[in-house]
Every structure is written in structure tokens, then in C-alpha cells.
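Dear colleague,

I am passing on the structure below, and I would be glad if you could look through it alongside my notes.

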Amino acid sequence: MVLYTFMGVYPKSREGATALLRESADLAAASGCERLIVKTTVESQRIPTIAENVAALRIAANAARGVPRSAHLPRSEVLHEASALINTTLSLKTTVGDSLHEAFRLGLLDVPYCLHQDNRNQTRTSIDSNGSLRWASRGSMPLPAQSPPDEPGGAADRLLQMLSFNQHRFDAL
């Protein structure tokens, strides 16, 4: 399993960027990830140097050191959704490749905002007031019922607000 530190508008402050990286390292360690793709404290301003990438790796390693791996992570809504998508997809055909192709063809797998020709592009996401990613529209995906998001996704200003949620959260530390 691989964890990508963050996708979205990155914190501008060194303190905010470091806090986000440390939180990602904690999550990676606790969940037993095999790899963590780090981001540096300068990602919001420019492409990092080799030395800055090495520093980010050290920050993550120090943050993860001593974090106990959770033997039994709580069964979350995300795990229920992932299980539903995986089980439905694998039940379609005899090979994984054929199953994936069929799931996208039927809209049982659908990636929000993805323009690939095999993607139906009927799903949308939203970030709620707590910073949790929610489905604003599930298209035809076989997902368990979920409470509606605080606000629907979609509008450009709302999208920028959602993408900036963690920048504001971590820069306020």
C-alpha cells in the first residue's frame, strides 16, 4: 500500500507543511503502508531541491518512528466503500483486467473529473465542514448509503475552497 502525502493546495508556511507531512507519516506508519510519497516544505512555492527532498524524508521518518502499527484499524466508511467496489468489480469477469474494463464500461467504477474515454465521469466529490471527502454524486457505483455532503460539489469557487481546506487548516497552526 502506498500513501501520497497530499493532493490539493499545499500549506504555504513551513510549519503548516511540516505538520501535514508529520500527520501523513503517522497515518502511513499506523496503517502499515509500505511506501509514503512525501512532499517538502517548499512545494507551494517551487520545485524542491534534492536536499529539501532528503529533509522531507527525514521529517517523515522521525515522525513515523515509534508510531505503533494498528493491528485492527476501525472498519470505516471508506473501507466499506472500497470493499463494495472491489467485490463488485471482481465478480464481473474471470480476470482482474477484464473485470476492471467491464466495471468502467458499466459505470460501476467511475473517477471524478477524469476525462479518460472509458470513464463515465458521473461521480463528484465534496469536502465536508470537517475536512472529510464525501460523495456528492455516486453515479452508478455500488456504494453503501451515505449521508449527503454539507454542500454539493461542482462550482469552481466551491472546488477551490475544497482544494484549499488543508492549506488553511495547517497554515493556521
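Predicted model: local features only at pLDDT ≥ 70, side-chain atom pairs only at ≥ 80, totals over all residues.

Residues are numbered from 1 along each chain as its sequence is written, and side-chain values use heavy atoms, with hydrogens and water left out.

The protein chain holds six helices and four strands, taken as DSSP runs numbered from the N terminus (H or I of at least four residues for helices, E of at least two for strands), and from the N terminus on their order is β-α-β-α-α-α-β-β-α-α. The C-alpha trace spans about 45 × 40 × 30 Å along its principal axes. Of the 173 residues, 32% are buried, where buried means under 20% relative accessible area, exposed over 50%, and partly exposed in between (1.4 Å probe, protein chains only). Among contacts (heavy atoms within 4.5 Å) between residues at least 6 apart in sequence, 49% join residues at least 24 apart.

Three salt bridges were found, a salt bridge being a side-chain nitrogen of Lys or Arg within 4 Å of a carboxyl oxygen of Asp or Glu. One of them pairs R169 with E23 at 3.1 Å, N to O; because R169 lies in helix α6 (residues 165–171) and E23 in helix α1 (residues 14–31), this pair ties together parts that are 146 residues apart in sequence. R169 is partly exposed at 38% relative accessibility, and E23 is partly exposed at 37%. Another joins E102 and R105 at 2.8 Å, N to O, and here both residues lie in helix α4 (residues 96–106), three residues apart, or about one turn of the helix. E102 is buried, at 14% relative accessibility, while R105 is partly exposed, at 47%. The side chains of E52 and R46 also meet in a salt bridge, at 2.5 Å, N to O, with R46 partly exposed at 40% relative accessible area.

The loop residue is T41, which lies between β2 (35–37) and α2 (50–64) and is buried at 12% relative accessibility. Leaving aside residues up to four places away in sequence, T41 touches R14, A17 and T18, and the side chains of T41 and R14 are joined by a polar contact of 2.9 Å (a pair of N or O atoms within 3.5 Å; within protein, one must be able to donate a hydrogen and the other to accept it, and residues adjacent in sequence count only if both atoms are side-chain atoms).
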